[in-house]
Amino acid sequence: MNPYHKTTGIIIKVRSYGEANKHLTVYTKAYGKIHAVAKGAKKIKSRFGSTLELFTETKLFFYKQAHAELYLLTQSQIATHFKNISKDVKKYTYASAVSDFINTFVPFGEKSHSLYELFIQTLYKLDTEKHEEKVFSMFMVKFLAQVGFRIALDCCTSCGSDLKQKIRMSVSPKHGGVVCEECSDGISTVEVFNNTLKLMDFLHRKTFDTLSKIMIGEQSHMEIEKVVEHFLEYNFELRLKSLKVMESVNSYGK
Amino acid sequence: MSMERYNAGALENLINELGKLPGIGPKSAQRLAYHILKSSKEDVSNFAKAMAEVKEKVRYCSKCFNITESDPCNVCSSTKRNKNIICIVEEPLDIMSLEKTGSFRGVYHVLMGSISPLDGIGPEDLKIKELLRRIEPEKITEVIIATNPDVEGEATALFLSKILKPLGVKVYRLALGIPMGASIEYTDEVTLARALEGKKEL
Ligand SMILES: [Zn+2]
Ligand SMILES: [Zn+2]
């Protein structure tokens, strides 16, 4: 097998490794999420320069023996640099949260064209648009669909019977969708407004460009986050670290 | 339990402990443990003593969080420093590097990290409250933010400048740019853009 690889990827985590090396987590187009090492990348005159900074989309050239675990980076080139994300604390925390979803819930080595597109588009929108909350809510809904959550409002995800439309509806993380009154008995559910679910369904079907035309209230953002967080944490048994930090950055000193 | 098994346990124990050190993988931990095993008894006990002593004697300065054996630290208690200027760094080791330059005559404040949502580290986990508490009583007029030139360091600098400026403090950021000895031709566009932003009059 050819040990040389070439792909494009987004840097989602950077660690120091040894004296002068960087250990990276990268979400790539061709290989999904991978770990890579850039030797000497911490040195001032490293050939990698700014190409391995967090949230940068970078063209990567690797060396990897068939049975080796690590990809060894030989060369890199900036594909897209999101300059506002590193100049705005709010954009930075949202970009971190988006990367946290990929870092926490996406398995290594599984490539997905649609997830890559979602990730890069979200970063692009966070970088260029003012309404970070809306971009983040749309990202969460679309990410949820990627990992198997169904937003069906007409029938119960558990038994398939018709759903009675009420103001508040029950979402079951276990079943991955809305459940009827009978099925919600005795299981842990998240209660949200019917309108929030309709909004989630809308965000799921539309593109980021429609966001400029709609308004989303604070309550809906919070409920979307609640549904998404419960679903992911229940099904993956893993927790996101970034959401709490995002809140404390936004509310610091208030 | 036989003597042999007991010894193997002790060595394994040491390998485990060494493996907890930053940048040390299982292979390196094995190599170091074997090295310690071969060293003289005296060397090993000096090593163990040094480790125990560092934990006993060295602490953080209650004012600036520099590492020190006396509290407040040498910098904070010096009469030759300008106490109205604070240089903000991420880690105590950054102070050592800055002190080596001999170019800074103010005092320091260590944050103990940077804002990093991916690691669950927010402003409350850093020594920011402690920094804000110094501004008025110490009549701080100027701060120089010397966090690392990476995305986390930049975001932390922006966050700090946002909360420090309303307090009437002049906020500076350490200049970022092209390293000495590098060539413009081979410098990537992001590094170049930063160098342009930080340009100065000659
Ligand atoms: Zn049902
Ligand atoms: Zn001190």
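Q: Before we start, how are residues, chains and ligands numbered or lettered here?
A: Residues are numbered from 1 along each chain as its sequence is written, while chains are lettered from A and ligands numbered from 1 in the order in which they are written. Because the model is predicted, local features need pLDDT of at least 70 and side-chain atom pairs count only at pLDDT 80 or more, whereas totals for chains, interfaces and linings use all residues.

Q: OK, how many helices and strands does chain A have?
A: Chain A has seven helices and eight strands, where helices (H or I, at least four residues) and strands (E, at least two) are DSSP runs numbered from the N terminus.

Q: What share of chain A is buried?
A: Buried residues make up 41% of the 254 residues in chain A; a residue is buried if 20 or more other C-beta atoms, placed from the backbone, lie within 10 Å of its own, exposed if 12 or fewer, and partly exposed in between.

Q: Which strands form the barrel?
A: In chain A, five strands close into a barrel in the order β1-β2-β3-β5-β4, with mixed pairing, and two strands count as paired if DSSP finds at least two bridges between them. The twist averages 50° from one strand to the next, with axes being lines fitted to C-alpha atoms (for helices over the stretch in contact) and angles running from 0 to 180 degrees between N-to-C directions.

Q: What about β3(A) and β5(A)?
A: Those two strands, β3(A) and β5(A), pair in the parallel sense over two bridges, and Ala36(A) has Tyr71(A) in β5(A) as its bridge partner.

Q: Where does α1(A) lie?
A: The helix α1(A) lies across β1, β2 and β3 of chain A and runs at about 105° to β1(A).

Q: Switching topic, how many residues does each chain bring to the contact?
A: Chain A brings 32 residues and chain B brings 25 residues, with two residues in contact if their C-beta atoms, placed from the backbone, lie within 7 Å. On the side of chain A that touches chain B, the largest share, eight residues, comes from α1(A).

Q: Is Glu237(A) buried or exposed?
A: Glu237(A) counts as exposed because it has 7 C-beta neighbours inside 10 Å. Glu237(A) sits in the loop between α6 and α7 of chain A, and has a positive phi of about 55° although it is not a glycine.

Q: Last one, which peptide bond in chain B is cis?
A: The peptide bond from Asp71(B) to Pro72(B) is cis, with omega near 0°, and Pro72(B) is found in the loop between β2 and α4 of chain B.
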